[in-house]
Amino acid sequence: MSCASPVERRIASNPELYSKLADSDKVLVNQGRIREGMTKESVFLSWGRPDQVSEGSQKGVKIEKWTYVGTQPVYTQSYGLGWGGGGYGYGWGRGFGRGYGYYGAWDPYWGGYGPSVTYVPYKAATVSFRGNRVTEYLRGRQ
């Protein structure tokens, strides 16, 4: 198992892309940063594959927007009560008898509570390209 960062793994998997970058862009890619004017390949090495790609046209020139999605945990308390199947147990009383026993979720009445976590997606970053070059980018909650 490797301890390499995602950026380091992308560079190691795509050495030909990385070798074609300008030295100033190599520095930014190694830091996980981008700039206006970078190529799509540079952005891929720095930020990875986008979660969504949108294409269009602006004044006759192809434009493309990459969207990156993040997730944020939302913590809640859960409470539950239910009805189960019920099981049979045996016990001693006045003679030998048959009665209901406790079988966890199969007990006639069961319930529980506790913390729960749900991960909610949000738009973490967008990068706009005109031709093959970055024209703008936004990083952070949008």
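Visitor: Which residues is Val134 in contact with, leaving aside its neighbours within four places in sequence?

Guide: Val134 is in contact with Arg35, Glu36, Gly37, Met38, Val43, Val127, Ser128 and Phe129, its neighbours within four places in sequence being left aside, where contact means heavy atoms within 4.5 Å. This is a predicted model, in which local features need pLDDT of at least 70 and side-chain atom pairs count only at pLDDT 80 or more, while totals for chains, interfaces and linings use all residues. Residues are numbered from 1 along each chain as its sequence is written, and side-chain values use heavy atoms, with hydrogens and water left out.

Visitor: And where is Val134, buried or exposed?

Guide: Val134 sits in strand β6, residues 133-139, and is buried, with a relative accessible area of 4%; buried means under 20% relative accessible area, exposed over 50%, and partly exposed in between, with a 1.4 Å probe and protein chains only. Val134 and Ile34 are 100 residues apart in sequence, yet their C-alpha atoms are 8.7 Å apart in space.

Visitor: What elements does the chain have, going from the N terminus?

Guide: The chain has four helices and six strands, and from the N terminus on they run α-α-α-α-β-β-β-β-β-β. Helices (H or I, at least four residues) and strands (E, at least two) are DSSP runs, numbered from the N terminus.

Visitor: At what angle do α1 and α4 pack?

Guide: Helix α1 (residues 6-13) and helix α4 (residues 40-47) pack at an angle of about 135°, with their axes 7 Å apart. The axes are lines fitted to C-alpha atoms, for helices over the stretch in contact, and angles run from 0 to 180 degrees between N-to-C directions. The two helices, α1 and α4, are therefore oblique to each other, given that angles under 35 degrees count as roughly parallel, over 145 as roughly antiparallel, 65 to 115 as roughly perpendicular and the rest as oblique.

Visitor: Which residues make that contact?

Guide: From α1 come Val7, Arg10 and Ile11, and from α4 come Phe44, Leu45, Ser46 and Trp47.

Visitor: What about Leu45, then: what does Leu45 touch?

Guide: Not counting residues up to four places away in sequence, Leu45 touches Val7, Arg10, Ile11, Asn14, Leu17, Tyr18, Leu21 and Val29. Leu45, found in helix α4, is buried, with a relative accessible area of 0%. Leu45 and Arg9 are 36 residues apart in sequence and 9.1 Å apart in space, C-alpha to C-alpha.

Visitor: Switching to the strands, is Thr67 buried or exposed?

Guide: Thr67, in strand β2, counts as buried at 8% relative accessibility. Leaving out residues up to four places away in sequence, Thr67 touches Pro50, Asp51, Gln52, Lys123, Ala125 and Thr126.

Visitor: What is phi of Lys59?

Guide: Phi of Lys59 is near 55°, a positive value in a residue other than glycine. Lys59 has its place in the loop between β1 (52-58) and β2 (61-83), and Lys59 is exposed, with a relative accessible area of 80%.

Visitor: Where does pLDDT stay under 50?

Guide: pLDDT, the predictor's confidence in each residue from 0 to 100, stays under 50 over residues 86-102, for which the model has 25 contacts beyond four places in sequence. The chain averages a pLDDT of 82, and 73% of the residues score at least 70.
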